[in-house]
Every structure is written in structure tokens, then in C-alpha cells.
Amino acid sequence: MMKKCPICDKTFREFEDIVEVEYKYYHEDCLEIVPIRYCAYNPNEDSEDSFIGQFDNDDKSWVSDMMDDGDFLEEKRFKVSFTNPLTASNPVESIDIFALDEDEAKERISSEYRQVLTVKLVN
Ligand SMILES: [Zn+2]
């Protein structure tokens, strides 16, 4: 008996693209496919030694979700106000960022386009 795709119930044709999942065949186009596995390489190693391993989406998150308190540096949220000294109107803008302290928050936002006015801790 010829095999059918369980989704569309059509008999497979010779040159259709299929995938095997749990010992059953499906048309690739009949499935919703989500790529979840990644290969991790160390870019500082030569190609032979660079492969570290595989991980999936569940292995990706914020440090605070993955590790215990005390295993990482805690960041605080700061509101940084700044102006652009190169514009004539010079409007005051602000941005919220995470940083270890006020100095780092200021340093991260400062540039030739952004003159920092104030840095305030946000709770
Ligand atoms: Zn199908």
C-alpha cells in the first residue's frame, strides 16, 4: 500500500520534499516547522577545536533567570536624560537602561551626539 501524508492525506510523489518525524513521513510544506537547536562554536579557536556543543531555545534567557543570586553582577535601571549638542533645537530626550551604577549608565549613553544631563535610579 502506498504511503500518504497524515496532514493532507495525499499519496507521496517521487520528488516531493518530505521529512521523517517519529518514524512517520510528512510533506515538509504540510508542517509548521520551528528551528530550535543551535550549534555553538568558539570563534577564537581553529575550526577543529571550535565546536562547543548544541543548545535549544529553552537554554537561552537572561542571566538572572538561569543563575542563582550571587553568581552574577546585579544591574539597576537608570533613566538617563540627554541632549544632542549638534542640533539647533537641542531637545531633551531620555532613555532607560540597565547598568551597574550611575557612572556606567552615563558612560554607555554619552557620545558626540548625546550630552548627558542627568542620571536617575528607577525603581
Ligand atoms: Zn502533505
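Colleague: Why is cysteine 8 called partly exposed in this structure?

Modeller: In this predicted model, cysteine 8 has a relative accessibility of 29%. Buried requires a value under 20% and exposed one over 50%, so at 29% cysteine 8 counts as partly exposed.

Colleague: What makes cysteine 39 partly exposed?

Modeller: Its relative accessibility is 45%.

Colleague: Is cysteine 5 buried or exposed, and why?

Modeller: Cysteine 5 is buried, because its relative accessibility is 0% and the term applies under 20%.

Colleague: How many disulfides does a search of the whole structure find?

Modeller: The search returns zero disulfides. A pair of cysteine sulfur atoms would have to lie within 2.5 Å to be counted.

Colleague: Which residues are the protein donors of the zinc ion, and how do you know?

Modeller: They are Cys5 (SG), Cys8 (SG), His27 (ND1) and Cys30 (SG), at 2.0 to 2.4 Å from the zinc ion. The limit for a donor to this metal is 2.8 Å, so these four atoms qualify. Along the chain, the donors follow the spacing C-x2-C-x18-H-x2-C.

Colleague: Why is the site of the zinc ion called tetrahedral?

Modeller: The angles among its four donor atoms are 98 to 119 degrees. Four donors count as tetrahedral if all angles lie between 85 and 135 degrees, and therefore the site receives that name.

Colleague: Where is tyrosine 23, and what makes it exposed?

Modeller: Tyrosine 23 sits in the loop between E1 and strand E2 (24-27). Its relative accessibility is 76%, and exposed means over 50%, so the term applies to tyrosine 23. Phi of tyrosine 23 is also positive, near 70 degrees.

Colleague: Which domains does the assignment of the chain give?

Modeller: The assignment gives domain 1 (1-33), domain 2 (34-72) and domain 3 (76-122). Between the C-alpha centres of domain 2 and domain 3 there are 32 Å.

Conventions:
Residues numbered from 1 in each chain as written. Predicted model: local features only at pLDDT ≥ 70, side-chain atom pairs only at ≥ 80, totals over all residues. Heavy atoms only, no water. Buried < 20%, exposed > 50% of the residue type's maximum accessible area, 1.4 Å probe, protein only. Domains from an automatic or database assignment. Donors = N, O, S within 2.8 Å, 3.2 Å for Na, K, Ca; no water. Tetrahedral: all angles 85-135°; square planar, octahedral: opposite > 155°, others 65-115°. Helix = DSSP H or I, 4+ residues; strand = E, 2+ residues; numbered from the N terminus.
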